[in-house]
Amino acid sequence: MIMNKTKIIATIGPASQSPAVLEQLILAGANVLRINASHGKREDQKQIIDDLRKLNDKLKTNVAILFDLQGPKIRIGEIDSAHAELTNGQEVALTTKESIGNNKRIYVKYPSFIKDVKAGDRILIDDGNIELKVLSNNNLDEVKALVVDGGILSSKKGLNLPNTKISLPSLTPKDKEDLEFALDNDVEWIGLSFIRSARDLEALKSVIRYKNKTSKTIAKIEKPEAVADIDQIIAVADGVMVARGDLGVEIPLEEVPLIQKMIVQKCIEAGKPVIIATQMMESMISNQRPTRAEVNDVGNSVIDGADAVMLSAETSVGRDPVNVVQHMLRIIMTVQKNEGIYYHNHAPNRESRTFISDSTTYNACVIAQQCNASAIVTMTHSGYSAQRIAAQRPKANIYVFTDNHLLLTQFSLVWGIQGFFYDKYHHTDENITDIKEFIEEKKYVNKGDIVIHIFSTPLQARGRANTIKINAID
């Protein structure tokens, strides 16, 4: 079993969607496979999910699916490649009338575009590579803009309005169709792009509850409004993604590193998984080795305590997806040898209704640090105690035993957790002996190792953790 603390998310696309490559990605260290709902045919998405489930059975793994909804993403339409260059100082029209665009006129695939923008607003196209400034608006179907930073236009590129309050709903009609598909297929994690407030996430969660499904939600932080509402978003979300691509377009690039570190720290304290995404190994779309800066970027994310690091185009359309995952795993395994990344030790809040469980997991991690324990073991049905242990970032390996099959795959996104199915609820001592023998047999612990057990008593009540036991492997 590969024991990387920080997990790896690999986006699946044309370069990686065959069953053979999916299997190689899993064996190379991918913990979560991401499906981007913005791309690919529905039948391909369904095939990826089905193939993964078969591979989990075959390989005895618990790799999860992250299904990423597009959210209120604005794109331009088709562009005539023969007339596609914008030059600084020229004027260009942007229209909501469907047409083939060129260097004089660009079709914007957003009906409320005219209503939302006003003179002076900035328009960024293709991740900010092209910048326009709105000059005028006819309030009907066309906006005139000045080219501030020109470049070559390509079809269907993203369009950002960093100074504009857009009126698109958090769940677009396309998102609702994609969400229904994701829930019908019981994906473990659902990401929502371009959220602006906690209310956007609540809209997604209400649909999941209405459908009586158990998928967890990931809030993708890509807008300045989301950064401003980050505490409420973290409180509502099951997990958070620092999506640096569009975030770095919507806000000044130089602010992104500090925002990333702030969000990671807040998520760790809240016990919510946090993902770092975008351009982590970008050069490996075409190269066989990452750049030094990319290695440092991944390494720093591990040092900061991120639950997962994500690959996008590197594994979806890159030349060698498996090689990318192997490189990322090597970076993680090397950096996690650094003692300084462990034991964040967030003391529990006495006023919290979960204080007893929080105190139990907190003190178990303190004991683990004091006695240099090699493993922390817990049984859980809800997953709460496991996530609270992970939030302390202990150096000891975290082994979680549960009778909840869904938790096993959802844990694949959570820092440090290795999950195992276990449905025997006998006497506490019998269960501890069972589990101790299992981890010994699998060579997860060695003679003389200290193991911390966390559980609830009485066991049959399946309540929250309230008991700690220390064992030595003899």
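Trainee: Is Thr 164 buried or exposed?

Mentor: The reading goes by relative accessible area: buried means under 20%, exposed over 50%, and partly exposed in between, with a 1.4 Å probe and protein chains only. Thr 164 has 5% relative accessibility, so it counts as buried. This is a predicted model, in which local features need pLDDT of at least 70 and side-chain atom pairs count only at pLDDT 80 or more, while totals for chains, interfaces and linings use all residues. Residues are numbered from 1 along each chain as its sequence is written, and side-chain values use heavy atoms, with hydrogens and water left out.

Trainee: Where is Thr 164 found, and which residues is Thr 164 in contact with, leaving aside its neighbours within four places in sequence?

Mentor: Helices (H or I, at least four residues) and strands (E, at least two) are DSSP runs, numbered from the N terminus. Thr 164 sits in the loop that separates strand E12 (158-160) from helix H4 (173-184). Contact means heavy atoms within 4.5 Å. With neighbours within four places in sequence set aside, Thr 164 is in contact with Asp 116, Val 117 and Asp 121.

Trainee: How do I read a strand pairing, and which strands pair with E13 in the parallel sense?

Mentor: Strands of a sheet pair through backbone hydrogen bonds, either parallel or antiparallel. Here two strands pair if DSSP finds at least two bridges between them. Strand E13 (residues 189-192) pairs with E14 in the parallel sense over four bridges. Strand E3 (residues 64-69) also pairs with E13 in the parallel sense, again over four bridges.

Trainee: Which way do the residues of E13 point?

Mentor: Trp 189 and Gly 191 point one way from E13, Ile 190 and Leu 192 point the other way, and all are buried. Strand E14 (residues 216-221) is mostly covered, with five of its six residues buried.

Trainee: What does Ala 237 touch, not counting residues up to four places away in sequence?

Mentor: Ala 237 touches Leu 201, Thr 217, Ala 219 and Lys 272 on that count. Its place is the loop between helix H7 (230-236) and strand E15 (239-243), and its relative accessible area of 1% makes it buried.

Trainee: Which residues give the contrast?

Mentor: Lys 337 is exposed, with a relative accessible area of 65%. Lys 337 lies in the loop between helix H12 (321-335) and helix H13 (355-370). Its C-alpha atom is separated by 44 Å from that of Tyr 210, 127 residues apart along the chain. Lys 261, in helix H9 (residues 256-270), counts as partly exposed at 40% relative accessibility. The C-alpha atoms of Lys 261 and Gly 305 are separated by 9.3 Å, although the two are 44 residues apart along the chain.

Trainee: In what order do the seven strands of the open sheet stand?

Mentor: The order is E4-E12-E8-E9-E10-E6-E7, and the pairing is mixed. Strand E4 (74-75) and strand E7 (105-107) are at the edges with a single partner strand each, so one side of each is left without a neighbour in the sheet. Inside the order, strand E6 (residues 91-95) and strand E10 (residues 142-149) run antiparallel and are joined by five bridges. Glu 91 has Leu 146 as its bridge partner in E10.

Trainee: How many helices and strands does the chain come to, and why is it called as compact as a globular protein of its length?

Mentor: The chain comes to 16 helices and 22 strands. Its radius of gyration (over C-alpha atoms) is 24 Å, close to the 23 Å that the globule rule (2.2 Å times the number of residues to the power 0.38) gives for 474 residues, so the chain is as compact as a globular protein of that length. The C-alpha trace spans about 75 × 50 × 40 Å along its principal axes. Of the 474 residues, 57% are buried. Among contacts with a separation of 6 or more, 69% are between residues 24 or more positions apart.
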